Amino acid sequence: MGIHRLNHAVLYVSNLERSVAFYRDVLGFRPVPMTPDGFRGAAFLQAADSTNDHDLGLFEIGATAGRSQAGRATVGLYHLAWELDTLDELAATAERLAAAGALVGASDHGTTKSLYGQDPDGLEFEIVWIVPADLLDEGALAARKRIGRLDLDRERLRYGGQTRGGVGISIPA
């Protein structure tokens with residue numbers, strides 16, 4: 001089975017309007033008009049630069065739904081990771097997440113530079129920049145075995161804020 005990428009994720013949410021606003025206003029997703037006629041409580045969204053038909057399906061299950069307990073009290077998905085092209089985009093996303101009170105962490109995994117956020121229902125996601133293959137060195141590869149503090153300013157100086165990430169790894173060279 002030759003998987004090329006994640007096509008979309010489907011999330012159950014407690015308040016559809018609130019979730020659509022979060023993914024639209026904070027992360028830049030746009031609604032895609034594909035909800036079946038007569039169907040209520042669903043929305044489909046596409047990331048700004050995506051070539052997917054849609055990247056998120058959101059299905060409302062109501063205000064009485066509890067927050068996700070996956071990994072704390074139940075099995076389940078911990079998070080999805082979305083890849084950005086540049087460290088400047090990662091820094092701008094960090095600012096938007098922080099302003100929305102949705103930034104819950106930032107980590108340097110050596111070959112990846114990651115932000116962690118939570119949507120209004122507490123569902124976690126990761127936003128990542130991947131070091132291009134031609135810039136990987138022994139230090140970055142060795143650092144995959146630890147979780148370090150992410151210093152975005154230092155990483156932008158090291159790799160360049162506009163350097164396209166993932167080239168040669170997730171984006172063909």
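This is a predicted model: local features need pLDDT of at least 70, side-chain atom pairs count only at pLDDT 80 or more; totals for chains, interfaces and linings use all residues.
Local features need pLDDT of at least 70 and side-chain atom pairs count only at pLDDT 80 or more, while totals for chains, interfaces and linings use all residues. Residues are numbered from 1 along each chain as its sequence is written, and side-chain values use heavy atoms, with hydrogens and water left out.

**Nonpolar core**
- The largest nonpolar core has 33 residues, and those with the most contacts inside it are Tyr23, Leu27 and Leu90; such a core is a set of buried Ala, Val, Leu, Ile, Met, Phe, Trp, Tyr and Cys residues joined through side-chain atoms within 4.5 Å, where buried means under 20% relative accessible area with a 1.4 Å probe, protein chains only.
- Helix 2 gives the most to this core, with 5 residues.
- Because domain 1 (9-60) and domain 2 (80-159) both contribute residues, this core lies between them; the domain bounds come from an automatic or database domain assignment.

**Strand 1**
- The covered face of strand 1 carries Ala9, Leu11 and Val13, whereas Val10 and Tyr12 form the uncovered one.
- In a regular strand the side chains alternate between the two faces of the sheet.
- Strand 1 runs parallel to strand 4 and is joined to it by 5 bridges, with leucine 58 of strand 4 as the bridge partner of leucine 11.

**Serine 114**
- Serine 114 is placed in strand 7 (residues 112-118) and counts as buried because its relative accessibility is 0%.
- The side chains of serine 114 and glutamate 126 are joined by a polar contact of 2.5 Å.

Technical notes:
Buried means under 20% relative accessible area, exposed over 50%, partly exposed in between (1.4 Å probe, protein chains only). Helices (H or I, at least four residues) and strands (E, at least two) are DSSP runs, numbered from the N terminus. A polar contact is a pair of N or O atoms within 3.5 Å; within protein, one must be able to donate a hydrogen and the other to accept it, and residues adjacent in sequence count only if both atoms are side-chain atoms. Two strands pair if DSSP finds at least two bridges between them.
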